[in-house]
Amino acid sequence: MTNLKKKLAAILVAAALAATCGLAAGCQSNDATAVMGTETTPKMMPALHQKYVDRTAYQCYKCHGASEKGDPSASGAVKIPNGHYVNEDRSSMELDPSRNNCRQCHVVDSNKQMDAAKLEAAEVETGQDKLDGE
């Protein structure tokens, strides 16, 4: 199998898993802007986020979560929905334990684009830029 075929197969498997993870895995969303306009389909990540899936040292919450720095922590990042926090309370700044593994439900869409400069700025803002050299 060629590398391209292996990558495509991995993407299809990940997408199928994300689509079927269901309530037991905590993949429901109360976010009305979820993919395809449904309330239960987890948003997909832009292609540039593939490195975050490949290297779990990157922490989704550092950019997308609520902190003393802001909500979300990185300016311009998509907020984590209220339903992902303990007791659906963003002010707790604590994720519900069933939501700690973002990559379980949110997969990369190789066609979804984002501004690379915005991503780099968010990494610097949250200190995750230092992980690139590791």
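User: Let's start with Lys-130: does it count as buried or exposed, and at what relative accessibility?

Analyst: Keep in mind that this is a predicted model. The general idea is that a residue counts as exposed when its relative accessible area is over 50%. Lys-130 comes out at 62%, so it counts as exposed.

User: Which residue does Lys-130 form a salt bridge with?

Analyst: The cut-off to keep in mind is a side-chain nitrogen of Lys or Arg within 4 Å of a carboxyl oxygen of Asp or Glu. Here the partner of Lys-130 is Asp-129, with the closest N and O atoms 3.9 Å apart. Asp-129 has 28% relative accessibility, so it counts as partly exposed.

User: How many salt bridges turn up in the whole structure?

Analyst: A search of the whole structure gives three. Another of them pairs Lys-51 with Glu-123, and there the closest N and O atoms sit 2.8 Å apart. That pair links distant parts of the chain: Lys-51 belongs to helix α2 (residues 50-54) and Glu-123 to helix α4 (residues 116-126), 72 residues apart.

User: Which residue does Arg-90 pair with?

Analyst: Arg-90 forms a salt bridge with Asp-71, the closest N and O atoms being 2.7 Å apart. Both residues lie in the loop between α3 (60-64) and α4, so the pair ties together parts that are 19 residues apart in sequence. On burial, Arg-90 has a relative accessible area of 16%, so it is buried. Asp-71 has 29%, so it is partly exposed.

User: And what about the overall fold: how many helices and strands does the protein have?

Analyst: Look at the secondary structure along the sequence. There are four helices and zero strands, and the pattern reads α-α-α-α.

User: What share of the residues is buried?

Analyst: Of the protein's 134 residues, 31% count as buried. For the surface as a whole, the accessible area comes to about 8,300 Å², and 57% of that belongs to carbon and sulfur atoms.

User: One last thing: what share of the contacts with a separation of 6 or more involves residues 24 or more positions apart?

Analyst: That share is 56% in this protein.

Note on methods: Residues are numbered from 1 along each chain as its sequence is written. This is a predicted model: local features need pLDDT of at least 70, side-chain atom pairs count only at pLDDT 80 or more; totals for chains, interfaces and linings use all residues. Side-chain values use heavy atoms; hydrogens and water are left out. Helices (H or I, at least four residues) and strands (E, at least two) are DSSP runs, numbered from the N terminus. Buried means under 20% relative accessible area, exposed over 50%, partly exposed in between (1.4 Å probe, protein chains only). Contact means heavy atoms within 4.5 Å. Accessible areas come from the Shrake-Rupley method with a 1.4 Å probe; for residues, only the protein chains shown count as cover.
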